[in-house]
Amino acid sequence: MLGMLTAWSQGIIGLSMFGAGVAIEMMEPCTLGLGGGAGFVVISIVISMYYARTRSRKAAGV
(Lines give C-alpha, C1' and ligand atoms only; values in the text may rest on other atoms or scores of the structure.)
Protein backbone atom coordinates (compact mmCIF):
# COMPACT_ATOMS: atom_id res chain seq x y z
CA MET A 1 0.00 0.00 0.00
CA LEU A 2 2.79 2.40 0.92
CA GLY A 3 4.57 1.68 -2.34
CA MET A 4 1.44 2.37 -4.35
CA LEU A 5 0.85 5.69 -2.56
CA THR A 6 4.46 6.68 -3.11
CA ALA A 7 4.27 5.82 -6.79
CA TRP A 8 1.10 7.90 -7.22
CA SER A 9 2.53 10.89 -5.37
CA GLN A 10 5.78 10.79 -7.32
CA GLY A 11 3.85 10.56 -10.58
CA ILE A 12 1.74 13.59 -9.65
CA ILE A 13 4.86 15.55 -8.64
CA GLY A 14 6.48 14.64 -11.95
CA LEU A 15 3.45 15.78 -13.94
CA SER A 16 3.35 19.02 -11.95
CA MET A 17 7.01 19.68 -12.69
CA PHE A 18 6.47 18.95 -16.38
CA GLY A 19 3.45 21.27 -16.45
CA ALA A 20 5.44 24.02 -14.73
CA GLY A 21 8.24 23.59 -17.26
CA VAL A 22 5.81 23.94 -20.15
CA ALA A 23 4.08 26.91 -18.51
CA ILE A 24 7.37 28.72 -17.83
CA GLU A 25 8.02 28.73 -21.57
CA MET A 26 4.72 30.56 -22.17
CA MET A 27 4.69 33.13 -19.34
CA GLU A 28 6.98 35.11 -17.07
CA PRO A 29 8.27 33.39 -13.94
CA CYS A 30 6.75 36.06 -11.65
CA THR A 31 3.33 35.58 -13.23
CA LEU A 32 3.58 31.81 -12.86
CA GLY A 33 4.61 32.23 -9.22
CA LEU A 34 1.70 34.57 -8.60
CA GLY A 35 -0.70 32.05 -10.09
CA GLY A 36 0.74 29.22 -8.01
CA GLY A 37 0.62 31.27 -4.82
CA ALA A 38 -2.95 32.36 -5.53
CA GLY A 39 -3.85 28.72 -6.08
CA PHE A 40 -2.46 27.77 -2.67
CA VAL A 41 -4.38 30.63 -1.03
CA VAL A 42 -7.66 29.61 -2.70
CA ILE A 43 -7.18 25.96 -1.75
CA SER A 44 -6.41 26.87 1.88
CA ILE A 45 -9.51 29.09 2.09
CA VAL A 46 -11.72 26.32 0.71
CA ILE A 47 -10.27 23.75 3.13
CA SER A 48 -10.67 26.17 6.05
CA MET A 49 -14.30 26.83 5.16
CA TYR A 50 -14.97 23.08 4.90
CA TYR A 51 -13.27 22.45 8.25
CA ALA A 52 -15.23 25.25 9.97
CA ARG A 53 -18.50 23.97 8.50
CA THR A 54 -17.80 20.39 9.58
CA ARG A 55 -16.78 21.51 13.04
CA SER A 56 -19.92 23.63 13.51
CA ARG A 57 -22.11 20.69 12.40
CA LYS A 58 -20.44 18.43 14.99
CA ALA A 59 -21.03 21.05 17.69
CA ALA A 60 -24.70 21.29 16.68
CA GLY A 61 -25.06 17.51 16.86
CA VAL A 62 -25.98 17.05 13.20
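Modeller: The radius of gyration is taken over C-alpha atoms, and the globule rule is 2.2 Å times the number of residues to the power 0.38. A compact globule of 62 residues would have a value near 11 Å, whereas this chain has 17 Å. Along its principal axes, the C-alpha trace spans about 50 × 35 × 10 Å. Please note that this is a predicted model, in which local features need pLDDT of at least 70 and side-chain atom pairs count only at pLDDT 80 or more, while totals for chains, interfaces and linings use all residues. Residues are numbered from 1 along each chain as its sequence is written, and side-chain values use heavy atoms, with hydrogens and water left out.

Colleague: How many helices and strands are there in the chain?

Modeller: Helices (H or I, at least four residues) and strands (E, at least two) are DSSP runs, numbered from the N terminus. The chain has 2 helices and 0 strands. Gly19 belongs to helix 1, residues 2–26.

Colleague: What does helix 2 reach from its first C-alpha to its last?

Modeller: The expected span of a helix is 1.5 Å times one less than its number of residues. Helix 2 (residues 29–60) has 32 residues and reaches 47 Å, close to the 46 Å expected. Gly61 follows helix 2 and has a positive phi, near 80°.

Colleague: Which percentage of the residues of the chain count as buried?

Modeller: Buried means under 20% relative accessible area, exposed over 50%, and partly exposed in between (1.4 Å probe, protein chains only). Of the 62 residues, 2% count as buried. Gly19 has a relative accessible area of 34%, so it is partly exposed. Met49, in helix 2, counts as exposed because its relative accessibility is 57%.

Colleague: Which residues make the nonpolar surface patch?

Modeller: Like charges are joined within 9 Å, and nonpolar side chains (Val, Leu, Ile, Met, Phe, Trp, Tyr) within 5 Å. Here Met1, Met4, Leu5, Trp8 and Ile12 make a nonpolar patch of about 630 Å²; accessible areas come from the Shrake-Rupley method with a 1.4 Å probe, and for residues only the protein chains shown count as cover. Met1 lies in the segment before helix 1 and counts as exposed at 70% relative accessibility.

Conventions: Patch = residues over 30% accessible without salt bridge, like charges linked within 9 Å, V, L, I, M, F, W, Y side chains within 5 Å. Salt bridge = Lys/Arg side-chain N within 4 Å of Asp/Glu carboxyl O.
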